[in-house]
Amino acid sequence: MEKSLNEQRFYDIEENFKEISSKIAEAASKSGRGRNDIRFMAVTKTVEPLFINHALSLGIDLIGENRVQEFMGKRDELKLDGVEKHLIGHLQTNKVRQIVGNVDSIDGVDSVKLAKEIGKVSSKLGITSDILIEINIGAEESKFGFSPESVIESVYEMSEIKGIRIKGLMAVPPICDDSVKNRVFFENMHQLFIDIGAKKIHNVSMDILSMGMSGDFEEAILSGSNMVRIGSALFGARNYR
Ligand SMILES: *Cc1c(COP(=O)(O)O)cnc(C)c1O
């Protein structure tokens, strides 16, 4: 019984992967790009290694985990050869030491203080850590991230920090059913991405615009996203125990 349930889930993951991939390709094409211009991140929080490995066997080469502890606990069981790993959740400064060097990018950098800590720990290890800057695009009280208005000033400040490399922006827009409103948040993010890139700040490259999740990745791509973070649409609904 157990086995057949797992097999069903493997099958579902495969079907979901095909469907999402073709939707990504279609949205990419509508926005004048190709499937390979968009990175597909499998968001693996709460998902057991067995199923993550199955997704990786399909050719997914980028995963995102939210929690340091969960990732470190699972990673020995994951087949991570050639797979890029990002930390996408809120990172507390006291956890920086545990994660730097263990992931390829820290995507939710939401304060200068955090960037400084990542830089300090990275420098001590003799490495440079890639980071994305998180923008609170909907100005929500409950969310972390820089405000779109103040971020430029902070980017200049963070560009001076040794041990980090700023690679782009990430955002989680407000939950809304209105796809028109959603588009406005995504368009604003894209504009910010262009504006910061145009300043050609030393040590800052606007390569990655990470936005779009299971419910809105097509809209995000249409607005210029080049990295989508997909959890439940790939693995099924999350089970938070
Ligand atoms: C969980 C999570 C996702 C994926 O969400 P889904 O709606 O399941 O695709 C994407 N980004 C972040 C930051 C997340 O925490």
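View 1. An N or O atom in the side chain of Arg238 is 2.8 Å from an oxygen atom of the ligand. A polar contact here is a pair of N or O atoms within 3.5 Å; within protein, one atom must be able to donate a hydrogen and the other to accept it, and residues adjacent in sequence count only if both atoms are side-chain atoms. The model is predicted: local features need pLDDT of at least 70 and side-chain atom pairs count only at pLDDT 80 or more, whereas totals for chains, interfaces and linings use all residues. Residues are numbered from 1 along each chain as its sequence is written, and side-chain values use heavy atoms, with hydrogens and water left out. For Lys45, a side-chain N or O atom is 2.7 Å from an oxygen atom of the ligand. Arg229 places a polar side-chain atom 2.9 Å from a nitrogen atom of the ligand. On its own the ligand has 390 Å² of accessible area, of which the protein covers 88% (Shrake-Rupley method, 1.4 Å probe).

**View 2. The residues around the ligand.** Among them are Val43, Asn66, Ile88, Met170, Met213 and Ser214; a residue is included if one of its heavy atoms lies within 4 Å of the ligand. Ile230, Gly231 and Ser232 also belong to this group.

View 3. Helix α7 comprises the 20 residues 179-198 (helices are DSSP runs of H or I with at least four residues, strands are runs of E with at least two, numbered from the N terminus). At 1.5 Å a residue, helix α7 should span 28 Å, and its end C-alpha atoms are 28 Å apart, which agrees; the expected span is 1.5 Å times one less than the number of residues. Asn182, Phe185, Phe186, Met189, Leu192, Phe193 and Ile196 are its buried residues. They lie on the same side of α7 because they cover an arc of only 115° around the axis, taken from the directions from the helix axis to the C-beta atoms. Val180 and Ala198 are exposed on the face turned away from that side (buried: under 20% relative accessible area; exposed: over 50%; 1.4 Å probe, protein chains only).

**View 4. The two ends of α7.** At the start of α7, a side-chain oxygen of Asp178 comes to within 2.9 Å of the backbone nitrogen of Val180.

**View 5. Ser210 in strand β7.** Ser210 belongs to strand β7 and is buried, with a relative accessible area of 0%. Beyond its neighbours within four places in sequence, Ser210 contacts Leu132, Leu169, Met170, Ala171, Met227 and Arg229 (heavy atoms within 4.5 Å).
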